[in-house]
Amino acid sequence: MLTTNMKEKLMDCIEVEDLEDSTIDQFLLFLYTDILEDLQWESAMKLYYAAYKYQVQRLKDLCTSFLITGLNRRNIGDLLILADKHQDSDLKTAVEKFICRRDKQMFSTDEWESFMETHSELAMKTMYLYLKNGRN
């Protein structure tokens with residue numbers, strides 16, 4: 001971008017409009033130091049997106065691990081959507097297993113009911129997988 005005749009070279013600046021400043025700060029810190037500081041659920045979701053977009057596999061893997069360990073009934077839908085959106089089969093499988101192991105806890109919550117209304121196809125596929133695999 002900075003070496004060809006693109007607007008970034010002319011402006012001497014690269015604008016990243018789909019990432020927040022704090023996410024870019026964490027992303028650059030990781031790229032230069034291999035350190036993740038103050039990782040929280042929201043920042044891990046945003047960093048996962050940045051790692052996916054810019055193909056930084058190690059950061060994506062670290063964010064995935066962090067997100068999986070923080071799974072609960074309130075955030076399960078968000079992570080299932082993220083995994084589906086980015087076609088991350090490993091992450092999606094981990095989320096589906098989490099749901100299936102806690103079937104009564106998950107399927108009877110207001111959060112799951114809301115998720116079914118807003119993401120019916122994804123919820124249906126998850127419930128189908130649960131039924132298909134003998135509820136294991």
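Tutor: Partly exposed is the class between buried, under 20% relative accessible area, and exposed, over 50%. The model here is predicted.

Student: Why is Glu-20 called partly exposed?

Tutor: Glu-20 has a relative accessibility of 42%. That value lies between the limits of 20% and 50%, so Glu-20 counts as partly exposed.

Student: What makes Glu-20 and Lys-46 a salt bridge?

Tutor: The closest N and O atoms of Glu-20 and Lys-46 are 3.0 Å apart. The cut-off is 4 Å between a side-chain nitrogen of Lys or Arg and a carboxyl oxygen of Asp or Glu, so the pair qualifies.

Student: What makes Arg-58 and Asp-34 a salt bridge?

Tutor: Their closest N and O atoms are 2.9 Å apart, and the limit is 4 Å. Arg-58 is in helix α4 and Asp-34 in the loop between α2 and α3, so this pair joins parts 24 residues apart in sequence. Arg-58, with a relative accessible area of 45%, is partly exposed, and Asp-34 is partly exposed at 40%.

Student: Where do Glu-121 and Lys-125 lie?

Tutor: Both are in helix α9, four residues apart, about one turn of the helix.

Student: How do you know whether Ser-43 is buried or exposed?

Tutor: The relative accessible area of Ser-43 is 14%. Buried means under 20%, so Ser-43 is buried. Ser-43 lies in helix α3 and touches Gln-26 and Asp-38, not counting residues up to four places away in sequence. A polar atom of the Ser-43 side chain is 2.9 Å from the backbone nitrogen of Gln-40.

Student: Why is Asp-110 placed in its accessibility class?

Tutor: Asp-110, in helix α8, has a relative accessibility of 63%. The limit for exposed is over 50%, so Asp-110 counts as exposed.

Student: How do you know that the span of α6 is close to the one expected?

Tutor: Helix α6 has 13 residues and reaches 18 Å from its first C-alpha to its last, against 18 Å expected at 1.5 Å a residue. The buried residues of α6 include Leu-91, Val-95 and Phe-98. Among the elements that cover the buried residues of α6 are α3, α4 and α9.

Technical notes:
Residues are numbered from 1 along each chain as its sequence is written. This is a predicted model: local features need pLDDT of at least 70, side-chain atom pairs count only at pLDDT 80 or more; totals for chains, interfaces and linings use all residues. Side-chain values use heavy atoms; hydrogens and water are left out. Helices (H or I, at least four residues) and strands (E, at least two) are DSSP runs, numbered from the N terminus. Buried means under 20% relative accessible area, exposed over 50%, partly exposed in between (1.4 Å probe, protein chains only). A polar contact is a pair of N or O atoms within 3.5 Å; within protein, one must be able to donate a hydrogen and the other to accept it, and residues adjacent in sequence count only if both atoms are side-chain atoms. Contact means heavy atoms within 4.5 Å. The expected span of a helix is 1.5 Å times one less than its number of residues.
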